[in-house]
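Student: I would like to go through the terms used for this structure and see how each one is decided.

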Amino acid sequence: MSPTPSAKGTLPFGEHRTWYRVTGEVGADRPAVVALHGGPGATHDYLLGLTSLVEAGWPVVHYDQLGNGGSSHLPQRGAEFWTVGLFLDELDNLLRGLGIADDYVLFGHSWGGLLAAEHAAAGPAGLRGLVIADSPVSYPVWLREMRVLRDLLPPGVDETLLRHETAGTTDSDEYLEASLIFYQKHVCRLDPWPRDYLATFMEIHNDPTVYQSMNGPTEFHVTGTLRDWGVAECVADIRVPTLLISGRHDEATPAAVQPFHDLIPDVRWEIFEESSHVPHLEEPERFHQVMVDFLKGLH
């Protein structure tokens, strides 16, 4: 089978540019699936596997959120610039710029899931369905669950993490090595890590401006502007069919995901037993089938 052609480019977003990639044919009889990556401050690379949906009939749109990847980098901007509203505006601009604002599905992973949920809660007329993958309902809940997971790490690991977090030395090699023990249990359990995942990991390393401003030094030590933010107050307003995805070993624990299930009116939840934070990489065949079944239900 020949590969499905894709179109890449950038769209103006104010004074800046948003990089995008469209795989498949948009504007046909099925809505485009728009992928919102995590971070904030990651890139689209680790979500490239979503293009398998094109073979089943759904076009897929990837984009790099402002500040990373192929989009404009703004390392001189302070934390006050990087707001949830900025990225909601960028998403709206992307949908309009690609001509798909009247017919689309959102797939949001991790931070992207919260962003997609807030977008969906506003009731956009063209939204047909929503997938919230591996996302907590809020960062306060996320941090509470991080403490639960950190307490279960091998002896001495959390003590090492706490020592560096207290000293402000989270850029040390020892902190990185201890962090990887958590990541290998709760972020990506594959060994070795897939190439697409490593690509995103390196992009964050190359320009950590957004990640450090909004999140912090690691997944489990959130010190940035998102530390008090969440979407619990608005998700009951989501009126489209919604699929929740999480892994049994996910850093987005069941307790962090449960409020979505409790509050969204039309929702179902799939837990991937052999996965952590990236079921689309850890259990790709089942993930593809779950996604296709959900999309067929919309159609």
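The dialogue below takes up a helix pair, the cysteines and one threonine.

Tutor: This is a predicted model, in which local features need pLDDT of at least 70, side-chain atom pairs count only at pLDDT 80 or more, and totals for chains, interfaces and linings use all residues. Residues are numbered from 1 along each chain as its sequence is written, and side-chain values use heavy atoms, with hydrogens and water left out.

Student: Why are α5 and α6 called oblique to each other?

Tutor: Helix α5 (residues 157–167) and helix α6 (residues 173–186) pack at about 135°, their axes 9 Å apart. Angles under 35 degrees count as roughly parallel, over 145 as roughly antiparallel, 65 to 115 as roughly perpendicular, and the rest as oblique. The pair is therefore oblique.

Student: Which residues of α5 and α6 make the contact?

Tutor: Contact means heavy atoms within 4.5 Å. On α5 the residues are V157, T160, L161, R163, H164 and E165, and on α6 they are E174, Y175, A178, S179 and I181.

Student: What makes C188 and C234 count as buried?

Tutor: Buried means under 20% relative accessible area, exposed over 50%, and partly exposed in between (1.4 Å probe, protein chains only). C188 has 0% relative accessibility, so C188 is buried. C234, at 18%, is therefore buried.

Student: How many disulfides does the rule give?

Tutor: A disulfide is a pair of cysteine sulfur atoms within 2.5 Å. The count is zero.

Student: Is T200 buried or exposed?

Tutor: T200, in helix α7 (residues 195–206), has a relative accessible area of 6%, so T200 is buried. Not counting residues up to four places away in sequence, T200 touches A42, T43, H44, D45 and Y46.

Conventions:
Axes fitted to C-alpha atoms, helices over the stretch in contact; angles between N-to-C directions. Helix = DSSP H or I, 4+ residues; strand = E, 2+ residues; numbered from the N terminus.
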